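Please read them with the structure open.

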Amino acid sequence: MENELKQILNIHFVRRIVITLFVFCSVHFLFAQKTTEDKDRETITIVTNTSPSKPVQFGIEKLKQSLQAKGFIVQQNNKYRPAVDGKQIIVGVQDNKFLSSFNSKLYQVPESLLIRKVPGNTLLAVGYDPAGAMYALLELAEQIEAVPDGADFYKVMKESIERPFCTERSLSTYINSQHVRNGFFHDPLYWETLFEQLARSRINSYDLIFKYKAPIYTLFFELPQWPSKNTGGIVISADEQQRNLKALQNIVQSAHDHGIKITLGIWNHVSNPDDAERLSDYTEAAIKKIVELVPFDAFQFRMHWESGLPRDMTTLTKFWGSVFDGIHHSGRNIKFYPRAKGLPDTIINLGLNKGLRFAIETKFSAEQMGMPFHPAHIQKANQTDRRHGYADLLSYPKEYDILYRVWNGGSQKLLVWGDADWARRFALNSKLYNPSGLFEFMEIEGAEPMGNGSQQALTQNYQYTRYEFQRYWCQNLMIGRMGYNPQTKNEIFIRAFQKHYGYTIANDMVQALAYSSKIIPRIISSAMPDFQEQRGVPEWGSGSGLNGKGTLAAYAKVLPLDIQTFASFAEEANAILQQKPTAKYRPLHNAAWYQRTSDSINRYIRKIENQPNAKLNKETIVTLLDMKILAGIASFHAERIKAAVAYQMYLQLDRSAKALDSAIHYEAKALKEYEKIVQIAGDVYRKDLDMTVSDANHWAAEFELLKKAFKELKKSPVNNQTAIPSLVYPNISKTVVPKVRHQSISKLFPDTDLRITATITSQADISTARVLYRGLTQFQDYQTIEMKRNGDVFTAFVPAAAVNDVIEYNKNTGALWDFMYLIEVIDQNGNGMIYPDFEKTDPYIIATVPHKTIRETNGLKTRSKIADITYTSNNDLGAFRIEYPLNGDVFSEGAEIRVKVHTPQTDPNEKVELFNGKEKIDAIEIKKNEFIIRGLKNGSYKINAHITAKGLITWAEAVEIVIGERSKQ
């Protein structure tokens with residue numbers, strides 16, 4: 001037995017030796033083979049400092065991956081040697097002494113970068129700070145990825161020295177209860193993937209807007225003296241609070257690791273307005289606590305009554321004073337972004353007096369994505385409030401900045417977008433009033449339809465990304481890169497398109513997507529039925545501005561977002577019927593533009609699909625489908641515009657039967673175009689997109705709505721057979737408009753006459769040439785002055801007094817506004833144009849005025865003379881009302897009538913006045929917002945009241961009373 005055991009052991013021993021020798025030889029062989037192969041591979045040494053920061057580490061890792069994918073052996077050390085075998089890449093944050101040895105310099109501003117070849121097969125990829133170094137490394141990595149196999153990347157590498165044009169290039173998204181409880185909020189890979197995409201796009205800020213039951217702080221921690229159950233906030237366990245807090249900390253850390261700042265946005269502050277004063281101290285303590293626990297970089301707050309706060313100024317002052325103290329005394333220099341809507345000067349001044357560093361955030365083009373310039377004139381309904389646009393905020397002395405926020409609603413939050421020219425022009429316009437440039441985009445899927453990656457809008461067979469936001473890489477790349485540098489060359493984007501769509505079709509995809517991405521902005525700026533971003537899709541035809549019904553009657557009454565640049569359907573009909581041309585860009589011009597653009601998109605699509613070597617992947621197929629849908633939307637509007645103009649003729653000609661026939665004819669053609677969209681969309685997108693106020697959550701459902709409205713259109717009453725112009729509308733081609741040459745005035749001075757001169761030519765004689773001008777405040781309307789002619793030279797003379805009037809010049813405080821103007825021209829053939837041409841640049845010229853600083857004025861500010869313009873807003877009527885008398889009350893002749901007004905009290909300088917209809921009534925104010933009216937004679941009176949103030953200005957609803965016996969009336 002013992003011998004047998006020895007024999008077995010010996011056998012096992014021999015086997016082990018054999019196996020060991022075999023493995024050793026195999027490894028040796030493989031190692032020798034690898035060593036031989038390595039001799040044929042070039043070595044790249046990445047030289048860093050001893051402890052590169054997280055953003056730099058991220059950039060290095062991406063650079064390594066690109067080099068290794070190209071077959072290089074990559075080494076890394078922290079010592080530079082002037083002469084080495086192979087190539088070196090020196091990376092990291094600037095060291096001026098070191099760079100000077102290479103005769104290289106960086107821009108001395110944050111996020112600047114330098115990529116440069118230096119002697120000794122060495123590349124520099126450095127930045128002023130970690131973010132700049134990361135951008136340099138990512139750019140270098142992407143260049144290496146694009147180098148053809150076998151090429152010497154060192155020779156083809158392009159040098160670069162850049163600095164940021166806009167210092168804040170932000171993206172925002174909403175966080176709701178679904179996201180925190182069951183969604184992506186706790187998914188680290190989601191945030192890692194997102195922040196990598198944003199870093200590659202040079203987007204440097206991300207705004208997490210909590211749209212949640214207030215106060216949101218109870219999601220993350222408990223304050224011992226303020227139990228969650230006493231705050232009105234959501235009540236959860238301590239474990240869940242800790243889990244949420246850890247997730248939030250990880251999100252912020254992940255962003256910082258990618259060179260991205262994080263803003264905490266808060267939608268609601270209190271759940272009950274009556275609790276605002278009580279919760280002021282809690283909010284101050286909670287802000288200090290969250291700043292202590294989470295390293296946010298900024299706060300963004302909704303400031304007005306929609307946040308749950310009351311309207312009375314006493315409570316608002318206490319609440320915001322506590323909030324500002326919480327931020328200011330948090331121990332960190334945190335930036336603050338108050339939203340402009342409903343924000344009174346009192347609160348602005350309160351923040352300034354508390355020492356806050358802030359920029360007021362305002363909507364760029366309502367809650368939609370319009371043209372890439374500030375509207376020359378916003379709609380009258382919102383002209384004198386701070387709901388969107390820059391309103392009256394660009395005043396001097398300057399004490400804050402403005403952050404322009406794009407609410408890219410409608411189809412822009414669903415269909416792929418990519419127009420580099422739009423992104424460039426928008427970046428330039430973010431500099432208005434802001435030398436540093438600040439902007440923010442709503443993340444495409446950051447609100448509805450599907451919402452932040454929790455669901456995908458595409459049906460399962462067509463999905464090609466893990467997360468929904470990955471589909472929208474192109475928007476983020478273009479707004480980020482153009483925001484960083486508006487001179488970014490198109491080859492940067494072509495390189496990305498090659499990666500996503502392949503080399504053979506990349507150029508055509510860039511062009512096709514640029515064309516298709518211009519359609520929605522044009523629709524929004526020229527005819528905007530929906531202000532709201534939430535569940536409003538103007539381009540579909542039935543948005544909330546049309547009462548969710550999609551009727552042509554409602555559509556024909558729609559106004560442009562920019563009522564100075566674009567003419568309405570009503571103006572177009574009047575111009576044709578009355579032969580009164582306009583200089584504005586007319587709807588029929590747009591109709592022709594939409595059709596040309598649709599045709600161009602479809603030509604590119606056919607070319608792409610017919611490429612013999614093109615291998616259309618799933619992303620390409622869906623992107624092409626998005627383009628087809630947008631081309632279809634353009635064709636739909638091309639026909640519906642004609643129908644809307646005809647319907648306006650129907651109204652202006654006392655319900656002409658022939659005009660109605662014309663409207664029906666074009667609406668039928670529009671519906672045929674829409675039916676094509678339904679066929680294109682097919683089953684690619686989910687049927688529950690939750691896009692419109694009409695609950696038509698897919699193009700197919702929308703089409704049914706439009707067909708129903710069409711049946712009603714055909715039942716419209718008619719009164720006469722009044723003739724209208726032929727179905728072939730007048731030829732108003734933009735190719736034959738007058739031509740204007742003008743040297744723009746970029747600067748002017750108060751107390752100085754202004755002379756504006758232009759050379760104007762046309763195929764027909766010029767009938768109208770005039771200058772429109774105003775201060776740089778949307779509260780003002782334009783003043784008009786006719787130009788005098790001398791041959792082809794036209795001149796307008798604006799006297800100093802008129803200039804001073806619109807810039808509201810005061811010798812003690814300087815000019816309140818800068819100055820802007822434009823030129824309108826019409827020839828005798830009816831061809832009109834506005835100079836400058838909005839298709840090339842902004843449709844106005846801004847001339848800056850020398851301004852005084854707040855120090856130079858010794859703290860003095862000028863109150864605008866237009867601050868008391870009144871404005872009626874349905875949103876405000878409920879809170880500002882006449883409490884007494886009641887509607888229908890009867891009083892005897894000669895009685896003293898006491899009138900009591902309930903007011904939101906948004907401004908201590910507000911003034912309440914009483915009217916009979918629109919005629920002012922002499923009334924004695926016996927105490928705050930209570931009045932006595934005497935001496936009214938027998939009759940019926942409509943007592944009205946209005947506030948004149950700055951920030952929130954409104955009329956109350958009228959109360960009808962009777963003096964004397966009702967039976968005698």
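1. Trp699 is buried, since its relative accessible area is 0% and the cut-off for that label is under 20%. This value, like the others here, comes from a predicted model.

2. Tyr685 is also buried, with a relative accessible area of 0%.

3. How are the rings of Tyr685 and Trp699 arranged, stacked or edge-to-face? Their centres are 5.6 Å apart and their planes stand at 65°, so the pair counts as edge-to-face, because planes over 60 degrees apart fall in that class.

4. This pair links distant parts of the chain, the two residues being 14 apart. Tyr685 lies in the loop between helix H21 (657–681) and helix H22 (699–713), while Trp699 belongs to helix H22.

5. The structure holds 50 aromatic pairs. Another of them joins Tyr467 and Phe469: with ring centres 5.7 Å apart and planes at 10°, the pair is stacked, because planes under 30 degrees apart are classed that way. Both Tyr467 and Phe469 are buried.

6. Tyr467 and Phe469 also belong to one aromatic cluster, together with Phe184, Tyr190, Trp191, Phe195 and Tyr206.

7. Which rings have a charged end sitting over them? The ring of Tyr107 has the charged end of Arg163 over it, 4.3 Å from the ring centre. For Trp407, the charged end is that of Lys363, 5.0 Å from the centre of the ring.

Note on methods. Residues are numbered from 1 along each chain as its sequence is written. This is a predicted model: local features need pLDDT of at least 70, side-chain atom pairs count only at pLDDT 80 or more; totals for chains, interfaces and linings use all residues. Side-chain values use heavy atoms; hydrogens and water are left out. Rings of Phe, Tyr and Trp (its six-membered ring) pair if their centres lie within 6.5 Å; planes under 30 degrees apart count as stacked, over 60 as edge-to-face and the rest as tilted. Buried means under 20% relative accessible area, exposed over 50%, partly exposed in between (1.4 Å probe, protein chains only). Helices (H or I, at least four residues) and strands (E, at least two) are DSSP runs, numbered from the N terminus. A charge sits over a ring if NZ of Lys or CZ of Arg is within 6 Å of the ring centre and within 35 degrees of the ring normal.
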